[in-house]
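These are my notebook entries from one sitting with a single chain.

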Amino acid sequence: MLGAREVVEAASGTEARVRAAYDGPRDLVVIDGALPDGPALPLLADLRAAGWRRVVLLTVRDDPYAVRAAITAGVRCYIVTPDEPDGVPAMPVARIRPRGGAPDELSAREVEVLQLVSEGRSNKEIGDALGLSALTVKSHLARIARKVGTGDRAEMVAHAMRSGLVR
């Protein structure tokens, strides 16, 4: 990158975590939203906790919920890149595999809701944190339940943890 004294690359979120721990924080991190080993937002949270302050996210997702989730997570610059040649995004924000079913995509908002559920927050508390009504949160949870294959909050969180969406 122009003006950069040192550029450190990583091919996956796992490699980025290892390099960040070994090399320490830098002035800028550019994250590709299509990481091969999971969603970028949990990686972003880990890098910010390690002292990285300026984050640029490159992604194919241009929906307002994805932008808000990224900004809330600390992204300073959100750049939408072109879709793959066949018109299909390179990778969705999150894929989760329900019991006995194919993976299904969770929206950035659904991931936000799941993260707050994993913290033990009620629908009202989640709504207050995200600027939503408790009824809208309930609606998001119903969609997540259909995608995950369970209506049990604890099981939803367990699926999200196994998928690397929440810690």
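How many bridges join strand β2 to strand β3, and do the two run parallel or antiparallel? I counted four bridges between β2, residues 55–59, and β3, residues 77–80, and the two strands run parallel. I note at the outset that this is a predicted model.

**Entry: overall make-up**

I looked up the totals before going further. The protein has 167 residues, of which 38% are buried. I found seven helices and five strands. Read from the N terminus, the order of elements is α-β-α-β-α-β-β-β-α-α-α-α. I also checked the reach of the contacts: of those between residues at least 6 apart in sequence, 55% join residues at least 24 apart.

**Entry: the three-stranded sheet**

I then traced the sheet that holds β2 and β3. This sheet is open, has three strands in the order β1-β2-β3, and its pairing is parallel. Its edge strands are β1 and β3, each of which pairs on one side only. On average, neighbouring strands of the sheet are turned by 20° against each other, with direction ignored. I noted that α2 packs on this sheet and touches β1 and β2. The direction of α2 makes about 160° with that of β1.

V56 stands opposite C77 of β3, and L57 has Y78 of β3 as its bridge partner.

D32 stands opposite L58 of β2. I also looked at the two faces of β1, which spans residues 29–32. V29 and I31 form its covered face, while V30 and D32 form the uncovered one.

**Entry: crossovers**

Which handedness do the β-α-β units have? I found that β1, helix α2 (residues 40–49) and β2 make a right-handed unit. A right-handed unit is also made by β2, helix α3 (residues 64–73) and β3.

**Entry: α1 against α2**

I looked up how these two helices pack. Two packed helices are described by the angle between their axes and by the distance between the axes. For α1 and α2 the angle is about 0°, and the axes are 10 Å apart. The two helices are therefore roughly parallel to each other. On the α1 side, G13, A16, R17 and A20 make the contact, and on the α2 side P42, L43, D46 and L47.

**Entry: S12**

Is S12 buried or exposed? I read a relative accessibility of 17% for S12, so this residue counts as buried, the limit being under 20%. S12 sits in the segment before α1, which covers residues 13–23. Its side chain reaches the backbone nitrogen of E15 at 3.1 Å. Leaving out neighbours within four places in sequence, I listed L35, P36 and D37 as residues in contact with S12. L43 is one of the α2 residues in the contact with α1.

**Entry: R19**

I went on to R19, which is in helix α1. With a relative accessible area of 34%, R19 is partly exposed. Not counting residues up to four places away in sequence, R19 touches V8, E9, A10 and G24. E9 is ten residues from R19 along the chain, and their C-alpha atoms are separated by 8.5 Å.

**Entry: α4**

Why do I describe helix α4 as largely enclosed by the rest of the structure? Nine of the eleven residues of α4, residues 108–118, are buried, so the description holds. I wrote down the buried ones as A108, R109, E110, V111, E112, V113, L114, L116 and V117. After α4 comes G120, which has a positive phi near 85°.

Key:
Residues are numbered from 1 along each chain as its sequence is written. This is a predicted model: local features need pLDDT of at least 70, side-chain atom pairs count only at pLDDT 80 or more; totals for chains, interfaces and linings use all residues. Side-chain values use heavy atoms; hydrogens and water are left out. Two strands pair if DSSP finds at least two bridges between them. A crossover is right-handed if, with the strands pointing away from the viewer, the path from the first strand over the helix to the second runs clockwise. Buried means under 20% relative accessible area, exposed over 50%, partly exposed in between (1.4 Å probe, protein chains only). A polar contact is a pair of N or O atoms within 3.5 Å; within protein, one must be able to donate a hydrogen and the other to accept it, and residues adjacent in sequence count only if both atoms are side-chain atoms. Contact means heavy atoms within 4.5 Å. Axes are lines fitted to C-alpha atoms, for helices over the stretch in contact, and angles run from 0 to 180 degrees between N-to-C directions. Angles under 35 degrees count as roughly parallel, over 145 as roughly antiparallel, 65 to 115 as roughly perpendicular and the rest as oblique.
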